[in-house]
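This report covers one protein model, shown below with its sequence.

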Amino acid sequence: MADRIPSTCMRCAVGCGFLQEGTDDGRGVADIDAHDRHPTNGGTTCTRGVRETVDPAGERLNEPLLRRGGELRPTDWDTALGVVTMRLVEALRDGSDNVAVLGSGQQTNEAAYALGKLARGGFGTQYYDSNTTLCTASAVQAYRQAFGSDAPPPTYDDVPAADTHVVWGANPAVAHPVLYEWIAESAAQEGGQLVVVDPIETETAGDADVHVRPDPGTDLALARAVLARAVESGNVDRSFVEDHTTGFDRMIATLPDADVPADVTDVPTETITELAAAFADRTIVYWGMGVNQSVQGTATARALIDLCLATGNLGPGSGPFSLTGQANSMGNRVCASTGTWPGYREFTSTAHRKTVANAWDVPLGRLPDSTGPGFVGIIDELARGNVDVCWTVATNPVAGMPDAGYVEDALEDTFLVVQDAFHSETLACADVVLPAATWGESEGTVMNMERRISRVAAARDPPDTVWQDVDVIAAVADRIEPGLFGSVPVAPESLFDEIRALTADTTADVSGVTYDRLDAELAVRWPAPTGDAEAGYRYVDDGAWSFETDSGRARFSNATPRSVPEPTDGAYPLTLTTGRRPDAYNTGVRTSGGHERGLPTARMHPKTVGEYLPAFDHGRTVIESRRSRVAVDVDPTETVPPGVVWLPIHDAIINELTLSATDPDSAEPNLKQCAVGLCAPSEPTGATADGRGGRSQSLPDP
């Protein structure tokens, strides 16, 4: 049997280390065990990460495809790359912004860096995003605005030291099971508690000591009310506020009466008081997409940070801790040149731009002046006909973006290059398909949500006609901008060395981390400027606080809550929200074949079902928004409040319903709330269950 090789699970952003064993013929992963010595998870792992690495259920892409006569047909790599190169060169003749590139948090640091280097330094396009504006951008902006730098201050070491764990708009029991095990263990200790803020009774909320259920889209109003109650009750660490923060008095002046937001959020005043009291002990507040994916995502994340600052919950065993979904979202932010240059170098800074241009040996003027409009804005540019070529890498925008029908139309009208390991809904729009290696077939590094860098390693060879991401990217670069990566193919380690050099002396310094060091230590948390350095809690050293702001102090915020972007009304009287299922991975391409699924299942309160009973036929109905309508099976359950419809995020058809309004600071879309109605299958266009709204559609046979 083959040797067991240390690697990192790519299922989520916890970053668990494991030992993978390749098959004797080198064509598969035979087995995986947790790595007992890995500093991230210490031998703990989840069955999903093991299962989806050893035996993914998706339909594998095994050869390049080229659209001929309206159909995707097999071709060879030279032909596929030749067509891609020709179309890119033609597009770039009309301007650097005539090309769009969409990356992913599923890429290694090396692949994300290489794609950003080619997009920004080779093409010079502003229309590049590495997927963070669909996931963590609101948290990123909040950290930058509050602390002057990205990434959460706490680490996993702080979880067992906390007394109170507040989980806000996240379901780590499903999305991050290993981390949740640590949270649950800590909360179960004497004096510990788990508080969950979520409209839905999720798996995490089912374990909570306190479950707070605000109306979808009202998180900012609730967070500000909780802060007002904490201030009113005297739960303010005056010493910390005076010595290490700025803007507290301005923030206080904008706080609401703590009792008033109860009418907006549907949270009783006494519950707001109870939630404020939870911050009296050492508290970590975790949040996820329920906060981030909102037009008020950045402001809400800032309000949660404000709660920590005001109550003195910054330091070991406490603090704000955003939860990231994709395995390498953190690495994308550090390496990929989307919102910042590598190492969080300021994108518009002339000095940093010169450093990057010199390192890449490209003209300074080629680097774009703007970070671009994010995923949603890029799709808008495609829809307007302003971009001729779009290249997607390890991402499935037709399934993962809001208003998916609009996204699909925009991609179909563009020359689309899809680089991925599995079939997806986006593949149907492609003109060229480039098959890529997947987990267990690729070499490189990733960064987990607590800033730890670790290796990913190949236990098997990819199929003969499948290439690693870095090899595809370098091959395209060599045809368009020869010398950008030196010799081709490029070694992942040499790309990591470029990352190390560009992050030196920055707030995300990884210059002291090498492949050899990772082989010896398995994982290292940045900043790590020397070969023996590893960071712990951010912004504090021997009790001395220093933030990356001009004043050296953390900054309070004073955002004012506003109404949701799409309120319910007579035609669309229900609120749709979305969440994760335990058995599905991202948009489902790895766990269910992606493009071949049955009806999704909507969860609704029995009262909602009873109120709209004429819309049901054999346990099925049609959900309609202003953008589309979707047939669903229905699971009546009291875990969903009356008036709310819950759907899984993993089915592409769900995002035909969702809303593309974005947060003004982060460009992240409002995926967690929109207005919908229920339609009877036999009713004509424009009719919902009570005679309003809708389009004609017949349900499948039950």
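The text that follows takes these topics in turn.

**Confidence**

The model is predicted. The protein chain has a mean pLDDT of 92, and 95% of its residues reach 70 or more. Residues 685–702 are a stretch where pLDDT stays under 50. For that stretch the model has 59 contacts beyond four places in sequence.

**Pocket and cavities**

Empty space can be found by rolling a probe the size of a water molecule over the atoms. In this structure the largest pocket holds about 450 Å³ of space. Its lining is made up of 23 residues. Those that lie nearest the centre of the pocket are G148, T340, Y344, R345 and E346. Helix α4, residues 137–147, supplies the largest share of the lining with 3 residues.

Searching the whole structure gives 4 cavities of 30 Å³ or more. The second largest cavity has a volume of about 80 Å³. Its lining includes the cysteines C9, C12, C16 and C46. R11, V14, G15 and T45 also line the second largest cavity, as do H176, P177 and V178.

How are the linings of the largest pocket and the second largest cavity divided by class? For the largest pocket the counts are 2 nonpolar, 13 polar and 8 charged residues. For the second largest cavity they are 7 nonpolar, 3 polar and 1 charged.

**An open sheet**

Which strands form the open sheet, and in what order? The sheet has 7 strands, and their order is β5-β4-β16-β15-β14-β6-β7. The pairing within the sheet is mixed. Strands β5 (71–74) and β7 (128–129) are the edge strands, each of them pairing on one side only. For β7, the pairing with β6 (residues 99–102) is in the parallel sense and runs over 2 bridges. L102 has D129 in β7 as its bridge partner.

**Backbone features**

Most residues other than glycine have a negative phi, and most peptide bonds are trans. The table lists the exceptions reported here.

| Site | Feature | Value |
|---|---|---|
| V488 to P489 | cis peptide bond | omega near 5 degrees |
| W526 to P527 | cis peptide bond | omega near 0 degrees |
| D542 | positive phi | near 55 degrees |
| A667 | positive phi | about 65 degrees |

P489 lies between helices α20 (469–480) and α21 (492–503). The loop that holds P527 runs between strands β19 (523–525) and β20 (540–541). D542 is found in the loop between β20 and β21 (544–545). A667 sits in the loop between β27 (644–648) and β28 (674–679).

Methods. Residues are numbered from 1 along each chain as its sequence is written. This is a predicted model: local features need pLDDT of at least 70, side-chain atom pairs count only at pLDDT 80 or more; totals for chains, interfaces and linings use all residues. Side-chain values use heavy atoms; hydrogens and water are left out. pLDDT is the predictor's confidence in each residue, from 0 to 100. Contact means heavy atoms within 4.5 Å. On a 1 Å grid over the protein atoms alone, a cavity is a set of points where a 1.4 Å probe fits but cannot get out, and a pocket is an open set with protein on both sides within 12 Å along at least five of seven lines; lining residues have an atom within 4 Å of a point. Grid points are joined across faces, edges and corners, and a volume is the space filled by probe spheres set on the points. Helices (H or I, at least four residues) and strands (E, at least two) are DSSP runs, numbered from the N terminus. Ala, Val, Leu, Ile, Met, Phe, Trp, Tyr, Cys and Pro count as nonpolar, Asp, Glu, Lys and Arg as charged, and the others, Gly among them, as polar. Two strands pair if DSSP finds at least two bridges between them.
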